[in-house]
Amino acid sequence: MNTLQRVRFIGKPLVFLLCLLPAALAVGDAFGITGQLSANPVEDILDRFGNWAIRLIIIGLAVTPLRHVTGWNWLIRFRRMLGLFAFFYVLMHFLTWLLLDRGLAVDPAFQWAGILEDLTERPFITIGFAALLLLIAMAATSTAGIRRRMGRRWDRLHYSAYVVGVLGVWHYWWQVKKDTSDAWIYAVILGVLLSYRIWRRFRRPMRNRGG
Ligand code: HEM
């Protein structure tokens, strides 16, 4: 089996299952099969999906720098799946907030005013929502056919992954009440990844100038 076959037949199914695991555990815990949710089950689910969203956004952003540093070009084949799973977890996080936290599933008629107020007047939620909209645009254009048709515009749109990362960490930071250690970890990793990409971008013209 060559590298590409190993990626396709072993790596991709494995990464798919690993990415699905947190969601499966959340559902399992909600039904008391794999464990239990905490005393505040809605917040528990919201936090789990939010944390996996930010982790997967950062892991997805790490693919290209890791590929450059290690020379493992096959890593690129996981990037789309990681991005789509990040979108999946943000969407689940958003739906948990909308349907359970804001109660749209319980009382659809009377919740819209509160939802709109949260979206427009609680800045950390506005920021999270902006990140969700960007992710929707990226997920909707993630197929090879659309990528070909969009050309350079696709690259520009998909650089927004960094904006999503910054918005995601900012959103997280803004709502942390006491312990900021996880927010620090996410911010530092994101800062390193962003600095690397900026350094690569500005290094290239200098190298070209030097021949
Ligand atoms: C890229 C998009 C997003 C990311 C990465 C993200 C991530 C997170 C994370 C990591 C947390 C903290 C979890 C914890 O306490 O351990 C969080 C909390 C939260 N997020 Fe998001 N989120 C995003 C978008 C959204 C959106 C679109 C909404 C709703 C419109 C939203 C609403 C909330 C709420 C209500 C909380 C809980 C705040 C609290 O506990 O008081 N998030 N989010």
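Modeller: A residue is called buried if 20 or more other C-beta atoms lie within 10 Å of its own, exposed if 12 or fewer, and partly exposed in between, with C-beta atoms placed from the backbone. Residues are numbered from 1 along each chain as its sequence is written. The model is predicted: local features need pLDDT of at least 70, side-chain atom pairs count only at pLDDT 80 or more, and totals for chains, interfaces and linings use all residues.

The helix is α5 (123-140); helices are DSSP runs (H or I, at least four residues), numbered from the N terminus. The end C-alpha atoms of α5 are 26 Å apart, which agrees with the 26 Å that its 18 residues should span at 1.5 Å a residue; the expected span is 1.5 Å times one less than the number of residues.

Buried in α5 are Ile127, Gly128, Ala131, Leu135 and Met138. Seen down the axis, these residues fall within an arc of 95°, so they line one face of the helix; the arc is that of the directions from the helix axis to the C-beta atoms. The face turned away from that side carries exposed Leu133, Ala137 and Ala140.

The buried residues of α5 pack against α3, α7 (152-158) and α8, where contact requires C-beta atoms, placed from the backbone, within 7 Å.

Gly128 and Ala131 are among the residues that come nearest to the ligand, out of the 23 around it; a residue is near if its C-beta atom, placed from the backbone, lies within 6 Å. Elements giving two or more residues to that shell are α2, α3, α5 and α8.

Key: Contact = placed C-beta atoms within 7 Å.
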